[in-house]
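Subject: Structure handover and notes

Dear colleague,

Please read the notes with the coordinates open beside them.

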Amino acid sequence: MTFEHVGVPSVDDASSYMLQYGRFEATHKSQLEALGLPAHLWQVLYRKLTTDTFDIGNYVAFGDLDDDESSSSSSAPKGLTEHLLCLNVERLEAASNVFLVDHAWTTTVDQIIENLDRVPGLLERMEKLTGAYDGLASSSAAADVGLLDPDMEANVSAVVSMASVSEDKARELLVRTKGCLIDAIMAAEDDGKEATPTQNSLQEQILQQLGAGSKHGVSKPLQWRTRGYDCAQCALSGGDQLDGMEIIVPLGPGASARDVKCTFSPKHLAVSVRGNRILDGDLYAEVKPDESTWSVESGMLTITLTKQVADSWPELIVGEKHINPFEHRKHLSRVGSELWRYFQGYDCMVQGADQSIAKQTNWYIQDEVGLSVAHSSDPNVRCLPFLYLGAQGQVSPFSILWPIKSIASGDALTRDFCPSWLKDPCQRHGYLQAVFPAPTQPLLDAYLAFTKDLEQTAASATRAALPASPAPISQARRVFMSDATPEVKEAVSAAGFEVAARIDEADIILDNDTAVHADKMTNQHPLNNVFSSTDKTVLALQSVAGAQDWHSPGFHLPTQVSEFIGAALMDSNSWWMLASSQPPSNVQPPRVVTNSWAAAVRHMDVGYTSALKCVPSAIALDQIHVAERLALLTPSNNLYIWRKDTWIYSHQIQLRDNKPEPYQTLAPSVEVAEAPFMEQLRAKFGGKVVDSFAAKMDDIIADTVRLLLGIDGSEGKDFGIFSFRFVYGRSADDGIIPLLQGVSPVPVHERLASSTRLAPALLSALVGSPDAESWKQVGA
C-alpha cells in the first residue's frame with residue numbers, strides 16, 4: 001500500500017503545524033468518523049484543504065460511457081453524464097489517498113427556482129447539464145407566418161407578454177388580425193367567440209397597460225423580460241413622456257457595487273461583473289450618457305438610461321429576445337424537476353432571528369468531475385459531503401472522495417448512489433429510479449399490490465369495544481404534575497386533588513418521563529409508542545386499519561419507496577408532505593411540501609422518512625388548515641373527547657400560477673381564532689356541513705382507537721392523552737371532510753401544565769367523575 005505524501009514540516013514549523021492540525025482534528029473528528037474516512041488520511045485531507053489542492057486531475061481522465069455495457073448488469077457503471085471518470089495512473093490502492101471535489105451550486109429547497117431565475121449563467125449551465133432546454137428560446141422565427149412588416153414585428157413582444165403565448169403564436173395572431181394589437185390579444189384569450197362584458201373589460205385593461213397606444217395604431221410594450229435582465233420604459237421627468245429606461249440586472253448573492261463596471265455611450269451599453277461581460281450591445285436608440293446612472297442593492301443592479309428623444313422603444317438592445325413570463329416559469333420548473341437526479345444534500349444547523357436553532361438542508365450539485373463518478377452496486381470509491389470549518393470560522397462545503405478498493409488503470413471510478421442503509425433490492429430499485437429513470441411498470445405493480453393488501457386489511461380489521469359508562473370510581477387523589485404553573489396547581493387542589501411534591505408520593509403521575517412506576521397511574525399508555533413518530537403512526541394504521549377513506553395516505557419511505565413512487569405516478573397531481581421522524585434533540589426539522597416524487601426520494605438522503613399526501617385547504621388554496629382535538633384514554637379504555645376546544649391552525653403555502661410552489665418548506669403553524677373561523681366555514685359551506693365535519697372527527701378518533709387497541713391495550717394502570725389532527729379536505733360534492741393527518745401523545749408541558757380548565761377536568765375523568773360539559777364519552 002502506498003500513501004499520499006503530505007509533506008513533512010520543518011523543525012521550526014512542526015509545533016505550529018501540530019497545533020493547527022490538532023484544532024482541525026478536534027473540530028472535525030466526529031464528522032470524519034461518521035463519514036468513515038480512515039484516520040491515516042485525515043492529515044492528507046487537512047493538507048489539501050489548507051492549500052486548496054484539487055489534484056484528482058493528476059490521477060484520472062474522462063472516458064465515454066458505454067450505454068450497452070451500463071445496462072447489461074446491475075453492478076455495471078451507470079453515469080449521470082455522458083462521461084466516466086477513469087483512472088489514468090497504473091494503480092490506486094484502497095485508502096491510499098483522499099481527494100477534494102468542488103460543488104458547482106449549493107441552494108435550499110425554497111431557493112431552487114429563484115436561483116435558476118436570478119443567478120447569472122446558472123440556468124444555462126443547468127440546461128446544459130440536464131438537457132432540458134427552453135424550446136421557445138432556442139427556436140427560430142416561425143416560417144409559417146413569413147416575415148412581418150416592421151409595425152407588426154414591433155408588437156410581437158406585447159402579445160407575448162400580455163397574452164402568455166409564444167413569439168411564433170404572437171406572430172400568427174398578428175397576421176390573422178392584420179396587425180391590430182388589441183384584436184390579437186383578444187383572439188388569444190377567446191378565439192372566434194363573440195365579445196363578452198368580461199372581454200370588453202379585458203380590452204380596457206390592455207389599453208390602459210399599453211399607455212399612449214391606440215386601437216388602430218402601433219403600440220409598444222411598456223415593460224418586458226429577457227433571460228438576463230428586466231426592462232421598463234418610464235417617465236423620468238414626471239409627465240407622460242417615456243423619456244427613460246430602467247433595467248434590472250440580477251447579479252447573484254454577495255455582489256456589490258465594487259464588482260460592477262457600467263459603460264455608457266450614446267448608442268451602446270456594456271456591463272461587467274467581476275470582469276465578466278454580462279451585457280454588451282447596441283441600444284435601440286440614442287441615450288444621454290451623462291444623465292444615465294446605475295446602483296447596486298440587495299444583489300440587484302439597477303440602470304437608468306435617459307433617452308435622447310422621448311419615444312417608446314420595442315427593445316433595449318438590438319436583437320434581444322424577449323421571454324414569455326408564464327412559459328419561462330414553466331421552463332424553470334421543468335429544469336428544477338430534472339435537477340433532482342443530480343442534487344445531493346447535507347444538513348447543517350442555522351440560528352434564526354429569535355435565536356432558535358433549526359435544521360437546514362443544503363442541496364448541492366458537484367462540478368463536472370464529481371458528476372462523472374458513475375454508480376455501481378459494487379463501488380470502488382466513496383464520495384461524501386464534508387463541511388470544513390476554516391481558521392477564520394468560515395464554513396466551506398466540499399465532497400471528499402477516496403478509494404475503498406484497489407483500482408486498476410482504465411477502470412471507471414464508481415460509487416453507490418443508494419444510501420448505505422438501503423439494502424432491500426426492490427427498494428433500491430425504487431430509489432435509483434429518481435437518479436436513473438427506467439421503465440416504471442415494476443413500481444406501478446408494487447403500488448397496486450400494496451393497495452390490494454391495504455384493502456384486504458381494511459376488510460378484515462377488528463375493532464375493540466369501548467366502555468359506554470364512565471371509568472370505575474377511584475380513590476386516587478395525590479397528583480404529581482411536572483412543570484405545572486401555580487395557577488394549575490391551585491385549580492387541581494380546588495377540584496379535590498392533592499398536589500404531590502415528589503413522584504413517589506403520588507397516585508397519579510403526569511410527566512414526560514417514560515420511566516415505569518409500578519402501582520401508579522401514569523400518562524404512559526402503550527399507544528404512546530405507536531404514536532411517537534410519523535413513521536410509526538403510518539405503519540400502525542397501515543397494518544391494522546388498511547385503506548380507510550378518513551385517513552390521508554402515507555408512506556414509510558425506507559421500506560415503501562417503490563410503492564410511494566407508484567402512487568405518485570398514478571396521481572400526477574398529488575402533493576406530498578415530507579417529515580423526518582427522528583429529529584436531533586431540541587431541533588425541529590422543517591417539513592417539506594413538493595409535487596416531485598424524485599425530490600421526495602432524494603430527501604431520504606438527509607433523514608426524511610415519511611411522505612404524507614398533502615391536502616390544501618378546501619377553504620383557501622394558499623393554506624393548509626388543521627383542526628386539533630384532544631382525547632383521553634383511561635386505563636380501563638374509556639375514551640373521552642374534549643368538548644371545550646377545537647384548536648385551529650394554518651400553514652401558509654407559497655403559490656405560483658395558482659398552484660403550490662413545487663418545492664418549499666412548510667411554514668410554521670399559526671393558531672387561528674376558532675369563532676371567526678367557524679363563522680367563515682358556516683358562511684361558505686352551511687351549518688349542517690360544519691356540524692357534520694365535527695361529528696365525523698369524533699367518529700374517526702373513536703375508530704382509530706378501536707382499531708389500535710387490538711394491538712396495544714393498557715394493562716390497567718396507564719392512560720393516554722392524545723392529539724388528533726385533521727386537515728380540511730374537499731368532498732366529492734364540494735363540501736368539506738376531515739382527513740386524519742396525524743396523532744401524537746400530548747406532552748405535559750404543552751397543554752396540561754398550563755391549563756386551569758383541562759388539568760382538573762382530566763383528573764376528574766380519570767378517577768371516574770367526568771364532567772359531561774367538558775368531555776364527550778365515546779362507547780360501544
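Four bridges join strand β26 (residues 576–579) to β28, and these two strands run antiparallel; strands here are DSSP runs of E with at least two residues, helices are runs of H or I with at least four residues, and both are numbered from the N terminus, while two strands count as paired if DSSP finds at least two bridges between them. Within this pairing, L578 has A611 of β28 as its bridge partner. β28 (residues 610–613) also pairs with strand β25 (residues 554–556), in the antiparallel sense and over three bridges, and there F555 stands opposite A611.

Before going further, please note that this is a predicted model, in which local features need pLDDT of at least 70 and side-chain atom pairs count only at pLDDT 80 or more, whereas totals for chains, interfaces and linings use all residues. Residues are numbered from 1 along each chain as its sequence is written, and side-chain values use heavy atoms, with hydrogens and water left out.

An open, antiparallel sheet is formed by three strands in the order β4-β18-β17. β4 (99–101) and β17 (381–389) stand at its edges with a single partner strand each, so one side of each is left without a neighbour in the sheet. Neighbouring strands of this sheet are turned against each other by 40° on average, direction ignored. β4 is joined to strand β18 (residues 395–403) by three bridges, the two running antiparallel, and F99 has L401 of β18 as its bridge partner.

A second open sheet has four strands in the order β22-β21-β23-β24, with parallel pairing; its edge strands are β22 (498–499) and β24 (521–522), each of which pairs on one side only. β21 and strand β23 (residues 508–510) pair in the parallel sense over three bridges, and V479 stands opposite I508 in β23. Helix α23 lies across β21, β23 and β24 and runs at about 140° to β23, where axes are lines fitted to C-alpha atoms, for helices over the stretch in contact, and angles run from 0 to 180 degrees between N-to-C directions.

α23 (residues 758–766) also meets helix α16 (residues 486–494), their axes coming within 8 Å and crossing at roughly 35°. The contact (heavy atoms within 4.5 Å) is made by V488, A491 and V492 of α16 and by A759, P760 and L763 of α23. By class, this contact has six nonpolar, no polar and no charged residues, with Ala, Val, Leu, Ile, Met, Phe, Trp, Tyr, Cys and Pro counted as nonpolar, Asp, Glu, Lys and Arg as charged, and the others, Gly among them, as polar.

How many cavities of 30 Å³ or more does the structure hold? There are three, a cavity being a set of points, on a 1 Å grid over the protein atoms alone, where a 1.4 Å probe fits but cannot get out, with lining residues having an atom within 4 Å of a point; grid points are joined across faces, edges and corners, and a volume is the space filled by probe spheres set on the points. The largest holds about 50 Å³ of space and is lined by V479, M481, A484, V488, K489, V492 and V499, with α16 giving the most, three residues.

With best wishes

Note on methods:
1 Å grid on protein atoms, 1.4 Å probe; cavity = no way out; pocket = protein on both sides within 12 Å on 5 of 7 lines; lining within 4 Å.
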